[in-house]
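Here is a short walk through the place where two chains meet. Keep the structure in view as you read.

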Protein chains: 2
Amino acid sequence: LTQPSVTIIGGTGDQGLGLALRFAVAGREVRIGSRVEQRALEAAEQVKQRVRGAAVSGLENAAATQRAGDGIVILSVPFEHTVSTLKTLREALQPGAILVSMGVPLASAIGDVASRMLTPAQGSVAELCASLVPDGVEVVSAFQNVAAHRLAELDAPVECDVIVSGAPKARKPVMALCDDIPGLRAIDGGPLYNARYVESLTALLIGINIRYKLRHGAGLRLTYI
Amino acid sequence: LTQPSVTIIGGTGDQGLGLALRFAVAGREVRIGSRVEQRALEAAEQVKQRVRGAAVSGLENAAATQRAGDGIVILSVPFEHTVSTLKTLREALQPGAILVSMGVPLASAIGDVASRMLTPAQGSVAELCASLVPDGVEVVSAFQNVAAHRLAELDAPVECDVIVSGAPKARKPVMALCDDIPGLRAIDGGPLYNARYVESLTALLIGINIRYKLRHGAGLRLTYI
């Protein structure tokens with residue numbers, strides 16, 4: 001009964017690397033993907049230096065995805081790179097793989113955060129991803145609202161809930177993945193359709209971070225659950 | 001330095017009455033409005049019976065709104081009655097009044113909760129309200145995600161955050177109103193535009209209530225703030 005491995009596409013970015021560190025601490029097998037293999041190798045080295053005995057490797061994105069087999073592949077790239085990245089992964093994604101969408105449809109324009117939300121025709125980034133993956137690959141929405149800085153502070157629990165949406169069979173291993181990280185709690189977010197509500201919440205949270213000068217970001221918790 | 005009074009249109013419904021009870025406990029002057037005066041009077045009587053010394057009265061909706069003067073008027077009606085109710089209040093709303101929108105654009109259709117969300121052309125129920133009130137009346141969005149049952153249990157704190165959005169001058173007294181209720185915390189939600197994110201979150205929360213069989217409803221909290 002081995003746990004599925006986790007592969008993080010765009011794993012050299014702040015949020016992807018933060019997740020890689022946390023999963024490595026939990027003893028999960030971690031693959032870091034990057035467009036440039038050398039950067040992935042460097043990020044993997046960083047994780048090994050912070051986490052003794054980490055089972056982590058660095059590979060170019062498509063190679064990492066292929067190696068993931070039917071494991072979990074987290075897509076951690078800025079929204080504007082979602083489609084181009086998925087295009088490079090399509091051939092590499094194996095049947096049975098679970099693709100985790102953590103993207104948020106925010107335009108990187110100047111101006112008020114709330115008014116920078118885009119709405120993909122599919123309703124959400126997660127559903128956009130679902131429209132692009134090969135048959136046999138399930139998409140699950142999760143991790144949108146976990147601040148990178150909270151993940152990187154390995155000594156502190158991450159006091160956040162993660163709303164996990166997608167087909168039940170795929171949702172469960174991703175919810176189990178959340179349990180790897182102390183303080184993080186997975187909430188069953190139902191069908192992938194609901195990703196739109198979680199993604200748009202991010203615009204609200206970013207605005208709150210700005211108004212309250214929360215440099216490291218507010219988190220989300222549900223009470224009475 | 002008297003606190004502004006609070007008038008609850010649709011104050012005989014579960015959520016409106018719950019708020020009336022809590023504000024009465026806090027010593028705030030409360031007006032309960034209903035389409036039918038007799039029902040408003042009965043609800044006010046109920047509040048008096050539960051809260052010793054409550055400063056509460058019951059009136060027909062328009063009369064309650066007129067009496068509110070430049071106080072706070074909370075619109076607590078089902079979404080489908082938003083426009084018709086506002087039509088009856090337009091003449092009664094006084095300059096300087098603050099109208100609080102707590103509505104959520106959910107169709108009362110059969111079927112999955114998430115897919116029952118409607119989107120008003122204005123973007124949110126709150127902005128729909130703002131398009132209908134007379135000049136000099138500000139609209140603030142708040143209280144969407146506070147479960148009626150939590151409000152009615154007067155002995156227990158309400159462990160929820162309330163995201164308050166609207167023009168800064170109107171937002172502040174509504175945030176202060178939240179402080180009336182133990183456990184409730186007001187979060188500065190920025191401009192009224194953001195109401196759309198708070199309202200749509202409700203669809204997600206209702207789905208979670210169903211999946212987790214939370215008869216009394218989950219609440220929202222922000223961490224690290």
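**Where chain B meets chain A**

Start with one pair of side chains. Arg211(B) and Asp188(A) form a salt bridge, with 3.3 Å from N to O. The model is predicted. Between chain B and chain A there are two salt bridges. Polar contacts join 15 residue pairs across the two chains, counting pairs with both residues at pLDDT 80 or more.

Which elements of chain B supply the side that touches chain A? Five of them give at least two residues each: strand S7 (160-166), helix H7 (168-178), strand S8 (184-188), helix H8 (195-211) and strand S9 (219-223). H8(B) gives the most, with nine residues. By type, this side of chain B holds 25 nonpolar residues, eight polar ones and six charged ones.

Now step back to the whole contact. On chain B, 39 residues are in contact with chain A, and 39 residues of chain A take part. The two chains bury about 3,000 Å² between them. Carbon and sulfur atoms give 65% of that area. Three residues stand out on chain B. Tyr197(B), Leu204(B) and Tyr224(B) supply 25% of the area that chain B buries against chain A, more than any other three residues.

Finally, look at the strands. S9 of chain A, residues 219-223, pairs with S9(B). The two run antiparallel, and five bridges join them. Pick out Leu222(A) in this pairing: its bridge partner in S9(B) is Leu220(B).

Definitions and conventions. Residues numbered from 1 in each chain as written. Chains lettered and ligands numbered in written order. Predicted model: local features only at pLDDT ≥ 70, side-chain atom pairs only at ≥ 80, totals over all residues. Heavy atoms only, no water. Contact = heavy atoms within 4.5 Å. Buried area = accessible area lost by both parts, 1.4 Å probe. Salt bridge = Lys/Arg side-chain N within 4 Å of Asp/Glu carboxyl O. Polar contact = N/O pair within 3.5 Å; in protein donor to acceptor, adjacent residues only side chain to side chain. Helix = DSSP H or I, 4+ residues; strand = E, 2+ residues; numbered from the N terminus. Nonpolar A, V, L, I, M, F, W, Y, C, P; charged D, E, K, R; others polar. Pairing = 2+ DSSP bridges.
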